[in-house]
Amino acid sequence: MAKAHKLDCENAAADCRFIVQSENEEEAIELAGNHMRDVHGQDYSDEELRTDHLQVV
Ligand SMILES: [Zn+2]
């Protein structure tokens, strides 16, 4: 099975249960970035999302 890139928003914001999971890393980063900006008003660079928030599962 292919690896998936996952961001569990609980890691970044304690009361949010949002989870992004995609086999496409770029898509996972884009979705995660949109969520962080739209829901939490926080701007993360793609690099920050990739290194600090995404897990490979
Ligand atoms: Zn969230």
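**From one residue to the fold**

Mentor: Let us begin with Lys 3, which lies in the segment before β1. The model is a predicted one, in which local features need pLDDT of at least 70 and side-chain atom pairs count only at pLDDT 80 or more, while totals for chains, interfaces and linings use all residues. Residues are numbered from 1 along each chain as its sequence is written.

Trainee: Is Lys 3 buried or exposed?

Mentor: A residue is buried if 20 or more other C-beta atoms, placed from the backbone, lie within 10 Å of its own, exposed if 12 or fewer, and partly exposed in between. Lys 3 counts as exposed because it has 9 C-beta neighbours inside 10 Å.

Trainee: Which residues is Lys 3 in contact with, leaving aside its neighbours within four places in sequence?

Mentor: A contact requires C-beta atoms, placed from the backbone, within 7 Å. On that basis, Lys 3 is in contact with Val 56 and Val 57. By contrast, 27 Å separates the C-alpha atoms of Lys 3 and His 40, which are 37 residues apart along the chain.

Trainee: In what order do the elements of the protein run from the N terminus on?

Mentor: Helices (H or I, at least four residues) and strands (E, at least two) are DSSP runs, numbered from the N terminus. The protein has 2 helices and 3 strands, and the elements run β-β-α-α-β.

Trainee: What is the order of the strands in the sheet?

Mentor: Two strands pair if DSSP finds at least two bridges between them. Here the order is β2-β1-β3, an open sheet of 3 strands with antiparallel pairing. Because β2 (19-22) and β3 (55-56) stand at the edges with a single partner strand each, one side of each is left without a neighbour in the sheet. Strand β1 (residues 5-8) is joined to β2 by 4 bridges, and to β3 by 2 bridges. Asp 8 has Ile 19 in β2 as its bridge partner, Leu 7 stands opposite Val 20 in β2, and Lys 6 is bridged to Gln 55 in β3.

Trainee: Which residues form the covered face of β1, and which the uncovered one?

Mentor: In a regular strand the side chains alternate between the two faces of the sheet. In β1, His 5 and Leu 7 form the covered face, whereas Lys 6 and Asp 8 form the uncovered one.

Trainee: How do the axes of α1 and α2 cross?

Mentor: Axes are lines fitted to C-alpha atoms, for helices over the stretch in contact, and angles run from 0 to 180 degrees between N-to-C directions. The axes of α1 and helix α2 (residues 46-53) come within 10 Å and cross at roughly 100 degrees. That makes α1 roughly perpendicular to α2, a label given to angles of 65 to 115 degrees. Ile 29, Ala 32 and Gly 33 in α1 meet Asp 46, Leu 49, Arg 50 and His 53 in α2. Helix α1 (residues 25-40) also lies across β1 and β2, running at about 165 degrees to β2.

Trainee: Which residues make up the largest nonpolar core?

Mentor: A nonpolar core is a set of buried Ala, Val, Leu, Ile, Met, Phe, Trp, Tyr and Cys residues joined through C-beta atoms within 7 Å. The largest has 8 residues: Leu 7, Val 20, Ala 28, Ile 29, Ala 32, Met 36, Leu 49 and Leu 54. Helix α1 gives the most to this core, with 4 residues.

Key:
Two residues are in contact if their C-beta atoms, placed from the backbone, lie within 7 Å. Angles under 35 degrees count as roughly parallel, over 145 as roughly antiparallel, 65 to 115 as roughly perpendicular and the rest as oblique.
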